[in-house]
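These notebook entries record what I looked up in one structure. I set them down in the order in which I took up each topic.

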Amino acid sequence: MMELVPLAGVGSALGDFLRPSTLASVFIQGLAKAALYVMIASGLTLIFGLMGVLNFAHGSLTMLGAYLGGLVMVAFVAAGGSSITRLALFFVAVVVVFALLAGLGTAVEVGLIRKLYDRPPVYQILLTFGLTLVLNELVRIAVLFYGMQPQTDWQDAFGTKPGFLTNQIGLGSVSVNGLALFEIAFGVLTVAGIWAFLTRTRYGLVIRAGSEDAEMTEALGIDVRRVFTVVFALGTGLAGIAGVLLMWDPKWGASVPVASEALLPAFVVVIVGGLGTFRGTVVAALLVGMVDAAMSWWFVNAIDFAGLPEMTIFLILVVVLILRPQGLFGVEEVGGH
C-alpha cells in the first residue's frame with residue numbers, strides 16, 4: 001500500500017533530492033535507463049520508419065536475444081573465468097545473437113512479411129502479433145523442458161556477469177553501479193553505429209532513398225525488396241542485441257515475461273519520439289529515462305511505493321499524445337511502399 005508523505009516530509013525529501021550528489025546519481029541512472037530504452041526501441045523504429053511495418057513481435061525477439069546470449073555465456077564461461085574473459089565473451093555473444101536474429105528476421109521478412117506489403121497494415125499487425133504468441137510459447141516450452149523456470153530470471157545467465165560490473169564505482173561524491181556505466185557506454189556506441197550506418201555509408205543512403213520513394217529508387221536499378229529485407233534483418237538483430245544487454249540487468253534478466261516488459265516501453269519511446277524517426281527515438285529515450293530515474297528516487301526514498309515509476313512512463317505518452325499527437329519529431333506520414 002502506498003504511504004502518503006506529510007507536507008514537512010515532502011520538504012525534507014525535496015531538500016535531499018536537490019543535493020548535488022543526489023542529482024548527479026539520478027542523472028547517471030537516467031542515462032543508464034535511457035541507454036536500455038534506446039537499445040530496445042531502435043530496431044522497432046528502424047523497421048517502422050523505413051518499411052512502415054509495425055512489428056509486434058519485437059519484444060519476443062528481444063526476449064529470444066536474452067536467452068540466446070545467456071546460452072552463449074553459460075556455455076563458454078568457466079566458473080573461474082576472469083572478468084576480462086567474460087567481458088570478451090559478452091561481445092562474442094552479441095555478434096552471435098545479432099547474426100542468428102538477423103537470419104531469423106530475413107526468413108520472416110521473405111517468407112511472411114513480404115507477402116503482405118500490398119495489403120492493409122492490419123494484416124502485418126495481426127501477423128506479427130501471431131508471431132509473438134508462437135515465439136513466446138516455443139520459448140516457454142523449451143525453458144520448461146530444460147527446467148529453467150520461465151517465470152523467474154535465469155540465474156545461470158546472471159552468474160556470468162564480470163565482477164566489476166556488480167561493484168559500486170566512485171565518481172567524486174557519487175557512487176555508481178558498474179553495470180549502469182557499461183549500459184551507458186554500450187548504448188552510446190550502438191546509437192553512434194546506427195547513425196553512422198544510415199548517414200555515412202552508401203547502403204544506408206540506399207535504405208533511406210528506398211523508404212522515401214520506392215518507385216524512383218527502383219527506377220535507378222536498386223532492388224528495393226532486398227533493401228527492405230536488409231532493414232528487417234538489421235532491426236531484428238538490434239532487438240537481439242538489446243536482449244543480450246538485458247540478460248545481465250537484475251531488473252530485466254532472461255525470462256519469458258521480458259517479451260511484454262520490453263515491448264511496452266519500446267512502443268512508448270517510439271510513439272513519444274515520433275513514429276519512425278531515429279532522432280526522435282533517441283531524444284524520447286533520454287526523456288523517458290530521466291523521468292523514470294527521478295520518479296524511481298521519489299517513490300523509493302520519499303513515498304514507500306515502488307510500482308508508480310513505471311506508470312509515469314505511460315503518463316509521458318499520454319501527455320505527448322495530447323499536446324503533439326505525431327510525437328516530438330514525427331511527421332504525418334512515414335514509410336510506405
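Is Arg200 buried or exposed? I found that Arg200 counts as exposed, because its relative accessibility is 59%. For these words I used the following cut-offs: buried is under 20% relative accessible area, exposed is over 50%, and partly exposed lies in between, with a 1.4 Å probe and protein chains only.

**Basis of the entries.** I worked from a predicted model, in which local features need pLDDT of at least 70 and side-chain atom pairs count only at pLDDT 80 or more, while totals for chains, interfaces and linings use all residues. Residues are numbered from 1 along each chain as its sequence is written, and side-chain values use heavy atoms, with hydrogens and water left out.

**Arg200.** I located Arg200 in helix H7 (residues 178–200). Helices are DSSP runs of H or I with at least four residues, strands are runs of E with at least two, and both are numbered from the N terminus. From Arg200 to Ser12 I noted 51 Å, C-alpha to C-alpha, and a sequence separation of 188 residues.

**Salt bridges.** I searched the whole structure and noted 3 salt bridges. The term requires a side-chain nitrogen of Lys or Arg within 4 Å of a carboxyl oxygen of Asp or Glu. Side chains of opposite charge can pair when their charged atoms come close.

I looked up Lys33 and Asp292, whose closest N and O atoms are 3.7 Å apart in a salt bridge. This pair links distant parts of the chain, 259 residues apart: Lys33 belongs to helix H2 (residues 20–51) and Asp292 to helix H12 (residues 278–301). Both Lys33 and Asp292 are buried.

Next I took Arg114 and Glu109, a salt bridge with its closest N and O atoms 3.5 Å apart. Arg114 has a relative accessible area of 30% and is therefore partly exposed; Glu109, at 0% relative accessibility, counts as buried.

I then turned to Arg140 and Glu137, whose side chains meet in a salt bridge at 3.4 Å, N to O. Helix H5 (residues 121–145) holds both Arg140 and Glu137, 3 residues apart, which is about one turn of the helix. Arg140 is partly exposed, with a relative accessible area of 25%, and Glu137 counts as partly exposed at 40% relative accessibility.

**Nonpolar cores.** How many residues does the largest nonpolar core have? I noted 83 residues, and those with the most contacts inside this core include Phe90, Phe182 and Trp248. Such a core is a set of buried Ala, Val, Leu, Ile, Met, Phe, Trp, Tyr and Cys residues joined through side-chain atoms within 4.5 Å. Helix H10 (residues 224–247) supplies the largest share of this core, 13 residues. A second, separate core has 8 residues, among them Ala13, Ala293, Trp297 and Trp298.

I also listed the contacts of Trp248 (heavy atoms within 4.5 Å). Leaving aside residues up to four places away in sequence, Trp248 touches several residues, including Met73, Phe90, Lys161 and Phe182.

**UniProt record.** An unreviewed UniProt entry lists "transmembrane region" for several spans, including residues 87–113 and 125–148. I checked residues 87–113 in the model: the span is 93% helix and 0% strand, and its end C-alpha atoms lie 36 Å apart. Residues 125–148 are 88% helix and 0% strand, with 31 Å between the end C-alpha atoms.

Notes. UniProt positions renumbered as here; feature names shortened; annotations may be inferred.
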